[in-house]
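Work through the exercises below with the structure open. Try each task before reading its solution.

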Amino acid sequence: MDRRGFLRGAGACVLCAVGAGVIGRRTAPPHASSDLRAGERTSTAKLRAEAQPDGVFGVKTKQPLVGLTFDDGPDPDYTPTVQDILARFDVKATFFLIGVNATANGRLIAAHLAAGHTIGNHTLDHAELELLTPEQVATEIDGGERALISAGAPRPRLFRPPKGFTDEVVGVFADAGRYRTIFWTECVERFVDRSPSVAEGVQAVLERLHPGSIVLAHDGGRVDAPNRRVVDRTKTMEALPLLLDGLRKMGLRAVDIDTLLRSGEPNR
Ligand SMILES: [Zn+2]
């Protein structure tokens with residue numbers, strides 16, 4: 001079924017695709033009222049919020065907290081370094097894991113849990129969900145969840161679509177799985193990878209952060225599947241201690257997403 005047909009008859013299709021046990025939890029049917037033009041990608045927070053109004057982009061809080069999240073792991077090349085840095089700064093974070101990477105690196109998941117970090121679902125193999133059929137979207141979200149659980153994680157309650165690409169179909173399946181979809185306020189690599197130096201990139205990130213912001217960084221540089229490119233995260237590893245040190249100096253504390261959500265109201 002194509003995406004438009006899915007949204008027209010959404011209730012019945014959700015029932016078919018994700019099982020009779022979950023449909024009753026959805027309080028309102030999805031609608032196809034997005035302002036997105038056909039073929040347009042949800043590449044900005046504004047477009048993502050239009051496509052998935054339940055998504056969280058930050059938290060309105062009076063507490064001096066910033067949510068810290070990492071995507072695309074676990075990755076044996078980088079995740080242990082991130083774990084060491086977070087331990088050094090006594091910081092807990094939320095890791096959005098790719099299912100196939102979790103399957104290949106269960107030992108790193110055990111280390112996340114032992115350190116008190118939270119684990120979220122980042123799909124089975126990092127597909128760009130808005131390009132998929134509804135059935136494929138369901139397979140990506142459910143498959144990611146199953147892979148995480150099989151690798152030793154508790155059932156995830158937080159979800160992040162790869163690259164932030166989303167639409168109403170993705171929202172239907174995330175909601176049906178009782179996920180809270182977490183986007184972000186600032187992406188570390190967007191600044192660090194484009195600045196003359198890592199320190200200048202970190203400074204640019206810090207200047208944009210305030211209580212309730214959600215920071216995205218990446219501890220994964222690849223998807224454990226054929227024909228996927230490998231991304232060098234060396235600059236992120238250099239940036240992380242500078243970022244955490246800078247937050248401290250600003251009087252802000254980096255926390256996992258659950259802690260941030262408990263401190264105030266989601267900022268949509
Ligand atoms: Zn990702």
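**Exercise 1: a covered strand**

Decide which residues cover the two faces of strand 3 (residues 94–97).

Solution. T94 and F96 lie on one side, F95 and L97 on the other, and all are buried. Buried means 20 or more other C-beta atoms within 10 Å of the residue's own, with C-beta atoms placed from the backbone. Strands here are DSSP runs (E, at least two residues); helices are runs of H or I, at least four residues; both are numbered from the N terminus. In a regular strand, side chains alternate between the two sheet faces.

Two notes on the source. This is a predicted model: local features need pLDDT of at least 70, side-chain atom pairs count only at pLDDT 80 or more, and totals for chains, interfaces and linings use all residues. Residues are numbered from 1 along each chain as its sequence is written.

**Exercise 2: neighbours of strand 3**

Find how strand 3 pairs with strand 2 (residues 65–71) and with strand 4 (residues 118–121).

Solution. Pairing requires at least two DSSP bridges. Strands 2 and 3 are parallel, over three bridges; T69 has T94 as its bridge partner. Strands 3 and 4 also run parallel, joined by four bridges. Here F95 partners I119.

**Exercise 3: an enclosed helix**

Explain why helix 9 (residues 168–176) is largely enclosed.

Solution. Eight of its nine residues are buried, so the rest of the structure largely encloses helix 9. The buried residues are E168, V169, V170, V172, F173, A174, D175 and A176. After helix 9 comes R178, with a positive phi near 60°.

Note on methods: A residue is buried if 20 or more other C-beta atoms lie within 10 Å of its own, exposed if 12 or fewer, and partly exposed in between; C-beta atoms are placed from the backbone.
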